[in-house]
Amino acid sequence: MGEKKTILVTGGAGFIGSNFVYLLLDERKDWKVVCVDALTYAANIHTLNRALENKNFVFYKEDIRNRDGIFSIFEKERPDVVVNFAAESHVDRSIENPGIFLETNIIGTQTMMDACRKYGVERFHQVGTDEVYGDLPLDRPDLFFHEDTPIHTSSPYSTSKASADLLTLAYHRTYGLPVTISRCSNNYGPYQFPEKLIPLMINNVLHDKPLPVYGKGLKVRDWLYVKDHCYGILAILEKGRVGEVYNLGGHNEKANIEIVKIILKELGKSESLITHVSDRKGHDQRYAIDPSKANKELGWGPTTMFKDGIKLTIDWYLKHQDWMAECTSGEYTKYYEEMYGNRK
Ligand code: NAD
Ligand code: DAU
């Protein structure tokens, strides 16, 4: 897939999608990047400022559930490759309001694949999550998620993502659509919306606000720097086998409380800001990816160690406080109050 391509990226105004857009514009300079994003609360169009100046980039504000709109973009752009990042992505929101998760994450994925079938593509890549495997017990550090670990979801979010994965594999088997799926662990890095653990904690520390740690903070996540995830997706597009699932992760497990303490230390603030609040409903205990298939088949592995990546991330947020202020104005205030206002 080295030659000139048109690649259509959905959700490119969000966290991982925008990092992927910049990776493509920097490293695949002869590719045209078509970005489709509905600009929901989770997007910030200013994230794409630098991309919008690039002649190889075009942006469409469109909803992946809108068949007519999506089909007319395909008619015009005729993409060779489609990467579907667009999704409702926050577990806490899915617990409060599951419906939109089913619509965007399942029906939206179906719409994208129907357009791919009609117009023909070399590849449809579905960006999936390790949450489809459910969780692992905290006292079994020897256990990991493999690509053939049974799907066993906990939240409406992970269930909607698992449904999208199954539909993607069904489109491959039934219609021969050339698909691949990646399932990645927790990402961190620039442009992550501050409803997620790391940017939320950085933002609160910067404003001397309490840091709401769910329960005792002992749940474990497996953190990967966002650029490494993007390199993994590119490797799957260029070297992956059609019809396959690839797990992406960095063997970097940390308890939530450790992450919060690292952020406090980096920013020179006191641990007295930590506030333990009631736990997430159905909270997954531990995620841990076995990435050996991607290592062996694609030569992919993480390149940014957590100790460096977290410094880069904190530094980025310190330098982009205007971006953070844009994200936390308006709807965010209401969300924060509803989610954390009365939480004991
Ligand atoms: P995000 O919430 O930051 O961004 C999602 C983007 O999709 C936003 O720009 C939003 O406007 C757009 N979008 C939402 N609904 C849309 C719709 N109906 N039509 C068009 N655009 C729409 O999400 P993220 O964290 O960047 O995650 C991107 C993808 O990666 C998701 O599919 C998510 O499930 C998956 N993923 C995320 C992580 C993580 O740690 N963040 C890890 C593994 C997989
Ligand atoms: O594993 C991949 C998944 O990682 C992605 O599929 C999701 O899109 C992404 O949001 C992320 O899901 P998590 O639920 O793991 O991420 P979140 O940042 O919401 O929470 C991380 C952990 O921190 C989780 O155990 C809950 C906890 N937490 C989170 C927030 C927002 C807190 O303790 N306090 C908080 O305020």
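Predicted model: local features only at pLDDT ≥ 70, side-chain atom pairs only at ≥ 80, totals over all residues.
In which sense do β5 and strand β6 (residues 179-184) pair, and over how many bridges? The two strands pair in the parallel sense, over 6 bridges.

- The open sheet has 7 strands with parallel pairing, in the order β3-β2-β1-β4-β5-β6-β10.
- At its edges lie β3 (57-61) and β10 (245-248), each of which pairs on one side only.
- From one strand to the next, the twist averages 20°.
- Within the pairing of β5 with β6, Q126 has I181 of β6 as its bridge partner.
- In general, the strands of a sheet are paired through backbone hydrogen bonds, in either a parallel or an antiparallel manner.

**V33 in strand β2**

- V33 belongs to strand β2 (residues 32-37).
- The relative accessible area of V33 is 0%, and the residue is therefore buried, the cut-off being under 20%.
- V33 and G12 are 21 residues apart along the chain, and their C-alpha atoms are separated by 9.9 Å.

**Surroundings of ligand 1**

- Ligand 1 is surrounded by 29 residues, of which I16, D37, S89, Y157 and K161 are the closest.
- A polar side-chain atom of Y157 is found 2.6 Å from an oxygen atom of ligand 1.
- Contacts to nitrogen atoms of ligand 1 include one from a backbone N or O atom of A38, at 3.1 Å, and one from a polar side-chain atom of T104, at 3.4 Å.
- On its own, ligand 1 has 830 Å² of accessible area, and the protein covers 97% of it.
- Two or more residues of the shell come from each of α1 (15-27), β5 (123-129), α6 (156-175) and β7 (186-188).
- The element that gives the most to this shell is β5, with 3 residues.
- The residue classes in the shell around ligand 1 are 14 nonpolar, 10 polar and 5 charged.

- The shell of ligand 2 holds 24 residues, and T129, D130, Y157, R280 and H283 come nearest.
- Ligand 2 on its own has 680 Å² of accessible area, of which the protein covers 94%.
- The elements giving two or more residues to the shell around ligand 2 are α7 (197-206) and β8 (211-214).
- By class, the shell around ligand 2 consists of 11 nonpolar, 7 polar and 6 charged residues.

**Helix α7**

- Besides its place in the shell around ligand 2, α7 is mostly covered, with 8 of its 10 residues buried.
- The buried residues of α7 are I198, P199, L200, M201, I202, N203, N204 and V205.
- An α-helix has 3.6 residues a turn, so residues three or four places apart point the same way.
- After α7 comes D208, which has a positive phi, near 55°.

How values were computed. Residues numbered from 1 in each chain as written. Chains lettered and ligands numbered in written order. Heavy atoms only, no water. Near = heavy atom within 4 Å. Areas by Shrake-Rupley, 256 points an atom, 1.4 Å probe, with all protein chains shown as cover. Helix = DSSP H or I, 4+ residues; strand = E, 2+ residues; numbered from the N terminus. Nonpolar A, V, L, I, M, F, W, Y, C, P; charged D, E, K, R; others polar. Polar contact = N/O pair within 3.5 Å; in protein donor to acceptor, adjacent residues only side chain to side chain. Buried < 20%, exposed > 50% of the residue type's maximum accessible area, 1.4 Å probe, protein only. Pairing = 2+ DSSP bridges. Axes fitted to C-alpha atoms, helices over the stretch in contact; angles between N-to-C directions.
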